[in-house]
Amino acid sequence: MGDGLVDCARRGDVPGVLAALAAGAAVDERDAETERTALMEAAGSAAAGVEMVRVLIERGADVNAVVMDKPLFGTQEQADAFSAMMGEHSEVKEQVLAPLPEELRGFVAEKMGKLGEAKAAAVKENVLSVAVQSGNVGKVEALLEAGADVRYRSAHGYGALADAAIGDSPELVALMRLLIRRGADLNAASDWGESGLTVSARDGRFEAVRLLLEAGADAGVLEWTGLMRAVALGSVEEVREELAKGAELEARSRWSRTAFLLAVQTGDVEKAKALLEAGAHREARGRIGTGALALALEGRQEGMARWLLGEGFAVDAVDDSGRTALMEAASREDVAAMRILLEAGADVEKRDKAGQPVMKAAGTVEAARLLAEHGADLNDMERETRARFTGAPADGRIECTAEEYRRAKHPRFGRGNPERMEEPFWVAMIRGGANAYRAREKFEGGFNGPERPAVWSFDRFGQSINVLPDGRIVEIAGEHEDYYDPDFHIYNDVVVHHPDGRIEIFGYPEEVFPPTDFHTATLVGGYLYLVGSLGYMGRRRIGETQVYRLRVGTWEMERVETRGPGPGWISEHKARYDGAGKIEVWGGQVCEMKEGKEELVKNEGRWALEVETGTWAQVGAQNRNG
């Protein structure tokens with residue numbers, strides 16, 4: 001329904017909506033995927049303005065329409081049956097618990113009990129909640145004037161003021177003032193205690209906190225001391241008065257924040273100074289271990305962040321998950337905060353406890369480029385960011401003919417060094433970001449037998465990416481899917497993305513450049529040096545280290561003969577040119593032969609390849625990321 005009522009409402013197309021209604025569309029028609037009515041979509045869409053909302057209201061749209069939250073099971077009868085099955089004396093439950101170690105039984109039993117608490121479907125969202133979370137005051141006012149229920153409670157108890165605070169609107173105070181005037185429940189809280197007041201305090205929106213308290217919201221839920229209130233809402237003089245009374249410096253608020261952490265959130269350096277001078281603990285951590293620097297940048301208090309850094313606060317301090325302020329800033333796509341941290345020397349190679357690097361969190365091209373400029377590895381980008389980085393729409397479409405698909409559906413080796421592979425199907429796959437499964441579905445109606453050659457795909461793992469000085473982006477080889485998938489294939493091609501949008505694909509004979517994946521590609525002069533590969537099982541040269549070099553411009557590939565003790569058959573590692581003639585290699589894994597079988601073991605060494613002579617040397621025993 002590309003031109004249907006809901007789509008037109010979502011994009012703010014008033015004439016399109018009027019035409020759809022004139023053609024007989026029901027004004028409360030719902031989107032098949034979101035189940036939202038046209039009015040709900042208009043209420044939540046940044047592309048639709050207040051006029052769109054008013055047009056639908058004037059034509060009879062239900063201002064209190066809802067979307068129901070799906071129950072755990074399709075029907076309440078099924079939910080009740082599951083609850084009975086998981087009852088206290090259920091044989092099924094006992095069969096599940098019996099094999100477990102004693103220390104796990106109680107934990108698993110508790111989780112199974114919670115699964116058994118299946119409830120009837122509840123309201124997931126309504127027209128007003130969608131508008132409130134969008135933060136558009138005009139839309140909210142139009143809906144309230146038309147009779148929308150300001151005292152709604154959606155699934156898990158969320159009310160209008162909590163939704164407003166969670167929505168993080170730049171017009172939050174004006175939005176809350178409107179909702180309060182119209183009778184919103186000041187103390188409505190979710191099952192997790194999230195209310196307009198608690199969420200505003202958590203996020204450092206203290207003007208909204210002040211408004212809610214003045215309107216009569218229960219201040220007790222904040223768990224603030226007199227000092228905390230003075231810090232958040234008062235003057236520096238009031239803070240000093242509380243300190244003079246002997247206020248407890250390390251008391252904790254609802255969000256486990258001390259008065260000093262609250263001062264950081266306000267952005268008031270004088271308050272923070274006064275507290276530190278009085279002996280406040282500078283290394284205090286809030287909930288999940290968030291420290292002062294991360295808290296300042298989370299609230300976009302850049303002046304406070306710069307002051308903290310000047311006072312010696314650690315730029316790479318971590319929270320309970322091992323995440324730094326830079327990781328959090330990257331995940332929020334807050335480039336301004338990232339610049340502050342990078343200028344202060346933030347470590348772009350640091351990983352959290354789950355082993356995730358900073359680059360993994362970068363969701364925009366600007367953030368990824370900024371991190372790369374400071375030494376982060378572009379190969380760690382998420383697929384979606386990588387597609388945007390190369391300029392590919394990656395919308396899943398495959399724009400080529402069936403004949404072009406049939407001609408080039410399977411991977412093939414090049415016949416020259418290189419061979420320019422001019423295949424419209426391959427280019428279409430790169431532009432669309434589609435995988436082999438999608439191509440089969442489009443051109444063949446899906447799979448058609450258990451045994452079949454792989455379909456060419458650019459949806460790959462272990463594919464290197466480099467940006468050349470002239471702006472061209474080079475992606476090399478990689479694999480699609482795992483060995484058990486029918487479309488599993490390890491590639492040996494080179495793809496060049498030009499700044500003007502052109503894409504070139506180069507292929508090579510297998511004896512010139514073998515299928516390669518999970519390698520590194522390091523730019524040195526006019527060459528990209530490719531180190532390592534996982535490769536196909538049974539074809540790995542145990543004890544050797546695969547090294548090739550690609551001449552930029554001609555795209556000729558040649559094998560580099562090396563000598564000296566190298567890392568072995570290495571993959572999933574990192575590499576960097578040291579600027580003095582050597583490529584450093586660390587991390588990843590090495591394939592070794594143990595008891596006649598190939599086994600991947602962690603690389604504990606650090607190695608250097610002298611580019612001019614091809615000589616390897618071990619330069620350290622410590623894994624850089626270990």
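Helices here are DSSP runs of H or I with at least four residues, strands are runs of E with at least two, and both are numbered from the N terminus. What you have open is a predicted model, in which local features need pLDDT of at least 70 and side-chain atom pairs count only at pLDDT 80 or more, while totals for chains, interfaces and linings use all residues. Residues are numbered from 1 along each chain as its sequence is written, and side-chain values use heavy atoms, with hydrogens and water left out.

**First stop: helix H13**

Select residues 206-215, which make up helix H13. Glu 207 and Arg 210 form a salt bridge (a side-chain nitrogen of Lys or Arg within 4 Å of a carboxyl oxygen of Asp or Glu), with their closest N and O atoms 3.6 Å apart. They sit 3 residues apart in this helix, so about one helical turn separates them. For accessibility, buried means under 20% relative accessible area, exposed over 50%, and partly exposed in between (1.4 Å probe, protein chains only). Glu 207 is partly exposed at 48%, and Arg 210 is partly exposed at 27%.

**Next: pairs that span the chain**

Show Arg 383 and Asp 459 now; the closest N and O atoms of this salt bridge are 2.3 Å apart. The pair links distant parts of the chain: Arg 383 lies in helix H24 (residues 383-390) and Asp 459 in the loop between helix H27 (436-444) and strand S4 (464-467), 76 residues apart. Arg 383 is partly exposed at 37%, whereas Asp 459 is buried at 16%.

Then move to Arg 10 and Glu 41, whose closest N and O atoms are 3.3 Å apart in another salt bridge. Arg 10 belongs to helix H1 (residues 5-10) and Glu 41 to helix H3 (residues 38-44). Which way does Glu 41 fall, buried or exposed? At 6% relative accessibility, Glu 41 counts as buried.

**Then: strand S6**

Select residues 489-497, strand S6, where 9 of 9 residues are buried. His 489, Tyr 491, Asp 493, Val 495 and His 497 point one way, and Ile 490, Asn 492, Val 494 and Val 496 the other. In a regular strand the side chains alternate between the two faces of the sheet.

Strands count as paired if DSSP finds at least two bridges between them. Strand S5 (residues 473-480) runs antiparallel to S6, joined by 7 bridges, with Ile 473 partnering His 497. On to strand S7 (residues 503-507), joined antiparallel to S6 by 4 bridges. S6 and S7 form a hairpin with 5 residues between them, and Gly 501 in the turn has a positive phi of about 100 degrees.
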